[in-house]
Amino acid sequence: MKALIISVFLGFISSTLFADTMIKNPKAALDAIEINQPSLWPKPENPVAAGSEKSAALHVVQGFFGAYSKGDMEAIKQFVDKDVEWHIPGQHILAGTKRGLDEFVSFFGQLGKAGFAAEVMILAANDTYVIDAHRGWSTKAQDNIDLNWILLYQIEDGKIKRVQNFSGDLYLSDQFFNQILEVKSQK
């Protein structure tokens, strides 16, 4: 009986909640929503991993975050290589690799339109790489997304050279960015 109820529930969910997407495994999508609850991932008092404090690469990323939190695109540029490659996973309209400062600035402008904000949970670094795990959400209540993200930064000559993003829920990321940015572009 329990299996039947779960099967009916998943069928209902897949035909309603995910009707406009191509989700093949609605249970996995629901699991991703559940595991990304902010209450499960409290922010530590000090997000910097022990032993990473002296990393020059970490200081570059922290400078980048400082400028990003102020929305200062000119300040952000001082931390980013002119030939930066910033990869965003998924099938949404922002997905793909942003190459160079112009595409990078445009991408962050789009994040601003989506009201995207971030709160670092942990930063760990060596001389070349920084790993950032953070909670990312929209500040626009009607367009909410609230997920864990992992970013792998490669630092070269004191600048962010390459970044690869990993989303805690690709389905929701695709849905959110397509919805919010398509709506914004139609206005």
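This report walks through the predicted model shown above, from its overall layout to a few individual residues.

**The overall layout**

Let's begin with the chain as a whole. It holds six helices and six strands. Reading from the N terminus, the elements come in the order α-α-α-α-β-β-α-β-β-β-β-α. Of the 187 residues, 41% count as buried. Contacts that reach across the sequence are well represented: among those between residues at least 6 apart, 51% join residues at least 24 apart.

**The sheet**

How are the strands arranged? The six strands make an open sheet with mixed pairing, in the order β2-β1-β6-β5-β4-β3. Strands β2 and β3 (116-125) are at the edges and have a single partner strand each, so one side of each has no neighbour in the sheet. From one strand to the next, the twist averages 20°.

| Strands | Sense | Bridges |
|---|---|---|
| β1 (residues 80-88) and β6 | parallel | four |
| β1 and β2 (residues 96-99) | antiparallel | four |
| β5 and β6 | antiparallel | eight |

Individual residues let you find these pairings in the viewer. Arg 162 in β6 is a handy landmark, with Glu 85 standing opposite it. Gln 154 also stands opposite Arg 162. For the pairing with β2, look for His 87, whose bridge partner in that strand is Thr 97.

Is Gly 158 buried, exposed or partly exposed? Its relative accessibility is 42%, so Gly 158 counts as partly exposed. Thr 128 is 30 residues away from Gly 158 in sequence, while their C-alpha atoms are 9.4 Å apart in space.

Another residue worth a visit is Asn 148, which is found in strand β5. With a relative accessible area of 13%, Asn 148 is buried, since the cut-off for buried is under 20%. What does Asn 148 touch, once its neighbours within four places in sequence are left aside? Its contacts are with Ile 35, Asn 36, Trp 41, Met 121, His 134, Arg 135, Phe 166, Ser 167 and Gly 168.

**Helix α5**

Now to a helix. Helix α5 covers residues 100-113, which makes 14 residues. At 1.5 Å a residue, the helix should span 20 Å, and the distance of 20 Å between its end C-alpha atoms agrees with this. Which residues of α5 are buried? They are Gly 100, Phe 104, Phe 107, Phe 108 and Leu 111. Because these residues cover an arc of only 95° around the axis, they lie on the same side of α5. After the helix comes Gly 115, which has a positive phi, near 65°.

**Aromatic pairs**

The aromatic rings give another way to look at the model, with a count of 16 aromatic pairs. One of them is formed by Phe 65 and Tyr 153, an edge-to-face pair at 6.4 Å centre to centre with 85° between the planes. Phe 65 belongs to helix α3 and Tyr 153 to strand β5, so this pair ties together parts that are 88 residues apart in sequence. Both Phe 65 and Tyr 153 are buried.

Why does the pair of Phe 107 and Phe 108 count as edge-to-face? The ring centres are 5.0 Å apart and the planes stand at 80°, and planes over 60 degrees apart count as edge-to-face. Phe 107 is buried at 6% relative accessibility, and Phe 108 is buried at 7%.

These two pairs are part of something wider. Ring pairs link Phe 64, Phe 65, Tyr 68, Trp 86, Phe 104, Phe 107, Phe 108 and Tyr 153 into a cluster.

Conventions
Residues are numbered from 1 along each chain as its sequence is written. This is a predicted model: local features need pLDDT of at least 70, side-chain atom pairs count only at pLDDT 80 or more; totals for chains, interfaces and linings use all residues. Side-chain values use heavy atoms; hydrogens and water are left out. Buried means under 20% relative accessible area, exposed over 50%, partly exposed in between (1.4 Å probe, protein chains only). Helices (H or I, at least four residues) and strands (E, at least two) are DSSP runs, numbered from the N terminus. The expected span of a helix is 1.5 Å times one less than its number of residues. The arc is that of the directions from the helix axis to the C-beta atoms. Two strands pair if DSSP finds at least two bridges between them. Axes are lines fitted to C-alpha atoms, for helices over the stretch in contact, and angles run from 0 to 180 degrees between N-to-C directions. Rings of Phe, Tyr and Trp (its six-membered ring) pair if their centres lie within 6.5 Å; planes under 30 degrees apart count as stacked, over 60 as edge-to-face and the rest as tilted. Contact means heavy atoms within 4.5 Å.
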